[in-house]
Amino acid sequence: MTAVKVVDASALAALLFGEPDAEAIAGRLVSGRLVAPGLLAFELANVCLVKCRRYPDQREGLLAAFRLRGRLGVEEVAVDHAGALDLALMTRLTLYDASYLWLARQLGAELVTLDKDLERATTIG
């Protein structure tokens, strides 16, 4: 049986945009069914936008990297917004981050993230 892994935007952005932690993230994602809430594409697009504004000379490369996101094979899974809201209130996370945590808990899945607050929240409640 293939393990399910919930992967957040910080982890996938590291892969797509060649950030320092990309290799470590790639190792964690080498096997398993990758899932994420539907907001993942919006978050990755926003990361790309911020990088394009910060590094205008790298715009074409950044946009090309963003277009590769579909090749990562991440399946979008619906999140119960009320449940994620309750979790956000309990953990003091943003609703966006809480949606990844909620999904990981619902699926009994590993959460792959580079977000320190989100990682810490995995031990709460």
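Predicted model: local features only at pLDDT ≥ 70, side-chain atom pairs only at ≥ 80, totals over all residues.
Residues are numbered from 1 along each chain as its sequence is written, and side-chain values rest on heavy atoms, with hydrogens and water left out.

The chain contains seven helices and four strands, assigned as DSSP runs (helices H or I, at least four residues; strands E, at least two) and numbered from the N terminus. Their order along the sequence is β-α-α-β-α-α-β-α-α-β-α. The radius of gyration of the chain, taken over C-alpha atoms, is 14 Å, close to the 14 Å that the globule rule gives for 125 residues, so the chain is as compact as a globular protein of that length; the rule is 2.2 Å times the number of residues to the power 0.38. The C-alpha trace spans about 45 × 35 × 25 Å along its principal axes.

The axes of α3 and helix α4 (residues 59–67) come within 9 Å and cross at roughly 170 degrees, axes being lines fitted to C-alpha atoms over the stretch in contact and angles running from 0 to 180 degrees between N-to-C directions. The two helices, α3 and α4, are therefore roughly antiparallel (angles over 145 degrees; under 35 counts as roughly parallel, 65 to 115 as roughly perpendicular and the rest as oblique). In this contact (heavy atoms within 4.5 Å), A41, L44, A45, C48, K51 and C52 of α3 meet R59, L62, L63 and F66 of α4. By class, these residues comprise eight nonpolar, no polar and two charged, where Ala, Val, Leu, Ile, Met, Phe, Trp, Tyr, Cys and Pro count as nonpolar, Asp, Glu, Lys and Arg as charged, and the others, Gly among them, as polar.

For helix α5 (residues 81–91) and helix α6 (residues 95–107), the axes come within 8 Å and cross at roughly 110 degrees, which makes α5 roughly perpendicular to α6. Among the residues in contact are L85 and M90 of α5 and L101 and W102 of α6.
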